[in-house]
Amino acid sequence: MSQIKLSNSWLKYLENEFATERMKKLRSFLTDEYKKNKTIYPAKQNYFKALDLVDLKNVKVVILGQDPYHGEGQAHGLCFSVQDGVRFPPSLQNIFKELKADLNIDIPQSGNLTRWAEQGVLLLNSVLTVEQDKAASHQKKGWEEFTDKIISVVNENCDHVVFILWGAYAQKKAAFVDRNKHLVLESVHPSPLSSHRGFFGSKPFSKTNAWLQSKGIKPVKW
């Protein structure tokens with residue numbers, strides 16, 4: 001985190017977070033992990049990729065994930081997204097299946113969701129790093145409080161945002177979102193373990209665009 005280059009739109013609200021004791025501890029933890037020659041995902045320059053691609057003033061949609069993918073070559077800083085040429089993880093496969101059913105959009109060649117982010121979709125994981133092949137290895141190290149702050153900043157400073165909360169973890173994390181100002185769409189997680197219990201058929205993409213258009217906001221080209 002020594003090279004933090006957030007846009008001013010975010011830095012204005014998050015700068016003080018980097019000075020907190022918990023973030024200092026997180027920085028020390030990550031430094032020690034690198035010294036032990038552990039492989040951490042995503043690459044350092046992509047820790048804050050979700051923020052880098054969407055200015056605060058341009059946030060239309062927030063999709064919450066939990067941890068980065070921990071397999072080689074997958075994670076690049078956007079939740080549920082994988083880099084070009086990487087096989088789709090099961091949850092992403094199901095997201096694309098629901099997109100096809102909802103809006104009749106063909107399943108894309110690439111699982112890289114940068115195209116969504118560039119339209120104002122904040123693809124935010126709760127925890128922003130993970131050790132290779134060790135799921136949840138960086139939980140409870142300080143990231144959760146930092147990403148809580150990000151959600152709070154969006155909640156307070158943006159209007160008419162759609163929060164897409166898949167699964168109990170995301171729903172709990174964003175429970176404080178002001179539903180009088182924003183639209184909150186909730187369903188079970190797209191994981192194969194739960195997707196048939198209410199994710200399929202939930203139509204999050206068409207519901208999001210209908211809300212945005214009703215507020216005079218340009219819909220997302222999913």
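**A tour of the salt bridges**

Begin by selecting Lys57 and Asp55, whose side chains form a salt bridge with an N to O distance of 2.7 Å. The model on display is predicted. Colour this pair by accessibility: Lys57 is exposed, its relative accessible area being 66%, whereas Asp55 is partly exposed at 22%.

Next, select Glu17 and Arg22. A salt bridge joins these two side chains, with N and O 2.5 Å apart.

Then move to Glu33 and display its side chain together with that of Lys38. These two residues form a salt bridge in which the closest N and O atoms are 3.3 Å apart. Glu33 has a relative accessibility of 5% and is therefore buried. Lys38, in contrast, reaches 29% and counts as partly exposed.

Which residues does the network of salt bridges link? The network comprises Glu33, Lys36, Lys38, Glu131 and Lys134. In general, side chains that carry opposite charge can pair when their charged atoms come close.

Finally, return to a view of the whole structure. How many salt bridges does a search of the whole structure find? The search finds nine, among them the pairs Lys57 with Asp55, Glu17 with Arg22 and Glu33 with Lys38.

Definitions and conventions
Residues are numbered from 1 along each chain as its sequence is written. This is a predicted model: local features need pLDDT of at least 70, side-chain atom pairs count only at pLDDT 80 or more; totals for chains, interfaces and linings use all residues. Side-chain values use heavy atoms; hydrogens and water are left out. A salt bridge is a side-chain nitrogen of Lys or Arg within 4 Å of a carboxyl oxygen of Asp or Glu. Buried means under 20% relative accessible area, exposed over 50%, partly exposed in between (1.4 Å probe, protein chains only).
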